[in-house]
Amino acid sequence: RAALVELEMESATAPLEAAVAPAVVAPSGCVFLNIGGVPFRVFGQETGGTITISPTTPGQTELADGGVSAVQQAVAAWTNHPDSAINFVAGPARARNITCTVNTPGDIDKDGGGVVFNDPCSDIPDMVNCAGTLAIGGVAQGGGTNTFDGQAWFGIGSPFVVVNNGAGCIGTTNFAEMMTHEVGHSIGFGHHTGSSPSPTMSSILKGDGRGAALVGVDKTCASFAYHTFRDVSFSHWAWKWIETVDNRNVIAGCGSGNFCPDNNISRDQMATFLLKAKEGSAFTPPTCTSPVFNDVPCSNSFATWINELSARGVTGGCGNGAYCPSGLVSRDQMAVFLLKTKEGPAYSPPACTSQIFNDVPCSNPFAPWINELVARGITGGCGSGNYCPGTNVTRAQMSVFLTATFGLPTP
């Protein structure tokens, strides 16, 4: 048997000892299964890797479907969290593969990659009057350590859950909550702390009707350990805005599990981002039947978006009948594009009567547009009292501009 890391137990009546907080600097309330302070996580999730856990047969005696739906709901609760890259798969029900042995303290017989019901090896003390330990979930170590966000983490080889005999007495909804908790252990989470509401990963079954759901701190910890993009950690200054444009399908990643937050925005990309942020990701501009700009033929994949910006009076191009699609967008230009897209071509901001930024005097033709962004709370500048009007807009900055201008909901 592979050595097991520290296990977490779900109690229906009282908390049991939680895992020792690991050395990794995590948000308040997050705890991870660990060995010697080195936490566990599944690697490769950001690039499409998956981890599978399957319900096994015989199923949980007290439940009509044996607990299959609870496993599926629990896996969905973690995988469907929009602000993390957890790619859990609920495999089809299969016969359990477990060999009962003489256990040592802290060890348990398990089926790697499986949920085993009814505690067939009697590893968990029996429940009394539907009180006691409901289940045990954990991980088997998968190799040595890897670095993630500058920290050492152990990889997870296989997840497992063992459900106690009689645990189905808590009913289907509470059973789904319990399973979500244990599945959380199987991808490395310990007993989270917090209140209002108490997280599903806290040590006691809540039984409040939540069923299979991530609550409060659970979501924060998932975003921290499994953030969507490898190059945008949970502590990145633009994390919530990047998550916003990704969740709304306004700006996608740049490949290989990355977002490339410091890459500059080109004028052709900008056309797509502006219209998707305003109209929604389902918006499709009219087909290009005649080029508007001499450097944007209809064969250009951005032509429909660029032509739509032109039709709306947002842009007249870069001069001489051209649009300069590969040109970069500066922060002063971006102020105009944002406000015209939002308000329409007839919009004109109030005149500049007082200089706001050191580097944007009222004599600057972009000053009214930039000052209006400030008035609307869209920008606070680039620091030290400046706006950096000639600096090119990055993908991270664009995420902030779009979210604030069009009121996109943040995590």
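A residue counts as buried under 20% relative accessible area, as exposed over 50%, and as partly exposed in between. In this predicted model, Cys169 has 39% relative accessibility and is therefore partly exposed.

Cys169 forms a disulfide with Cys130. The link of Cys130 and Cys169 is right-handed, with 90° about the S-S bond. Cys130 sits in the loop between S7 and S8, while Cys169 sits in the loop between strand S9 (151-163) and helix H2 (172-185), so the bond ties together parts that are 39 residues apart in sequence.

The whole structure holds eight disulfides, and the table lists some of them, including the pair above.

| Pair | S to S distance |
|---|---|
| Cys100 and Cys121 | 2.0 Å |
| Cys130 and Cys169 | 2.0 Å |
| Cys352 and Cys362 | 2.1 Å |

The disulfide of Cys100 and Cys121 is left-handed because its S-S torsion is about -80°. Cys100 lies in the loop between strand S6 (94-95) and strand S7 (114-116), and Cys121 in the loop between S7 and strand S8 (133-148), so parts 21 residues apart in sequence are tied together. Cys100 is partly exposed at 46% relative accessibility, whereas Cys121 is buried at 13%.

For Cys352 and Cys362, the torsion about the S-S bond is about -65°, so this disulfide is left-handed. Cys352 and Cys362 are 10 residues apart, each in the loop between helix H7 (331-343) and helix H8 (367-375). With a relative accessibility of 18%, Cys352 is buried; Cys362, at 32%, is partly exposed.

Notes: Residues are numbered from 1 along each chain as its sequence is written. This is a predicted model: local features need pLDDT of at least 70, side-chain atom pairs count only at pLDDT 80 or more; totals for chains, interfaces and linings use all residues. Side-chain values use heavy atoms; hydrogens and water are left out. A disulfide is a pair of cysteine sulfur atoms within 2.5 Å. Helices (H or I, at least four residues) and strands (E, at least two) are DSSP runs, numbered from the N terminus. Buried means under 20% relative accessible area, exposed over 50%, partly exposed in between (1.4 Å probe, protein chains only).
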